[in-house]
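Dear colleague,

I am handing over the structure below, and my notes on it follow. Please read them with the coordinates open.

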Amino acid sequence: PGVKARLAAVILQAYGDPALALRVLRPVAEDPASSSRVSMYQGILLEAQGNPAEAGICYERATLRQPEESSPWWKLAQLAFARDPAEARRILEQTRERFPNQIAVLELLANARLQTGDVRGAVELFRMLAPQLMEQPDTEPLLRFFLQYAVAALRDGDPLEAADALARAMKSNPALLGVFTVEAMRTREPEVVSNACVTVESLRADFPDEIAVHINLGLLQFSSKQYPAALASFREAEEIHEAGAENPPPLSAGFYYRYGAAAEQVKDFALAEAKLRRSAQLDPASPDPLNHLAYMWAEQGVRLDEALPLSEKTLRLEPLNPAYLDTRGWIHFRAGRFDAAVTDLLMAATIMPDDATILEHLGDALRGAGRLVDAEDAYRMAAEFEDENIDSVRKKLDEVRAELAKPVEPPPAEPPTN
């Protein structure tokens, strides 16, 4: 069996023929006297060929051949992880009982606990392993370990522990901060995003000139509606960028878009316009900055003659985008063109029927056009989906119902004719 296994390895190395190598290995692996390594090798080849089911059988066979080896158990759990983290966790919890000190097993178990919602259990394992790994040479798996530790600590409610782990992950790869930011925002939990702001804020001392720290902090602050702080973070990022190399390449269009949006939220409309136009200049294919600028003017009821062509341009790029239709409809409404507003807003609501803002705008336009019954329906539907602006929507709904309840006065009688 050993000779055939080595022969399969030679075939694969010399000719790159995994199918031939598997044909050589198959009878050897099925021999009860063969080593678990043969089954492991067979499983790895099958997995590489996209056959996880047969690979799993090989790994299971390897666990039976040599139960004292941890690697087959680890591979079996790793294979299960993609399809069922709960099953992977079950395998890993059993494997930990056999091999309580295997770092690879414990690390994968920590991730399995995190994926299955046992955040506290995941943090305990990450915390136990971190001192052993802290001084090891940087590798991508090691940095990913500290990134996952940071995410787990954040979700467990300890932003400073998350900062310590994240600082270690960023030691050789600052780009991992962006992954942390995405993971925090993906939770859609305000407390988690707010804690992430604390985490990234604390990294400023260790990475004072790392522009990614300021950009990601601004993104998190914007997401948690800390708009003045977000604007300050974006401004600091821009200053660091401009103080760097002579004639530095521009920051991304996405950066300037968020920068402009933050400026709008604190009512610095001139700065918002400048940054949104910069974003549009850097990425002419993206309609979002122009749409945002047009909508900003529509909200204020100013520069509507400039807002309309910007909105028209976005709709030439994406004619059925409901947000862009909403913007043009809102411009028409602000300009008193109620019928045109209804046309755009009705189309936007048809495409996105559960958007409270579009429905409220549609109600406003219908009301302006004198279609009170339809306006009542639009406001009622908006109230079903609205959270933040619910009082305003209900007030409009009550006003329309009050108008509809007024008795209709008969038309004046025509004077008698002789």
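Which residue lies over the face of Tyr256? Arg278 does, at 5.8 Å from the ring centre, where a charge counts as over a ring if NZ of Lys or CZ of Arg is within 6 Å of the ring centre and within 35 degrees of the ring normal.

This is a predicted model, in which local features need pLDDT of at least 70 and side-chain atom pairs count only at pLDDT 80 or more, while totals for chains, interfaces and linings use all residues. Residues are numbered from 1 along each chain as its sequence is written, and side-chain values use heavy atoms, with hydrogens and water left out.

Rings of Phe, Tyr and Trp (its six-membered ring) are paired if their centres lie within 6.5 Å, with planes under 30 degrees apart called stacked, over 60 edge-to-face and the rest tilted; the count by this rule is 11 aromatic pairs. Phe255 and Tyr256 are edge-to-face, because their ring centres are 5.1 Å apart and their planes stand at 75°. Phe255 is buried at a relative accessible area of 4%, and Tyr256 is buried at 6% (buried is under 20%, exposed over 50%, partly exposed in between, with a 1.4 Å probe and protein chains only). One aromatic cluster is formed by Phe126, Phe145, Phe146 and Tyr149.

Turning to Asp374, this residue is partly exposed, at 32% relative accessibility. Between Asp374 and Pro248 there are 55 Å in space, C-alpha to C-alpha, and the two are 126 residues apart in sequence.
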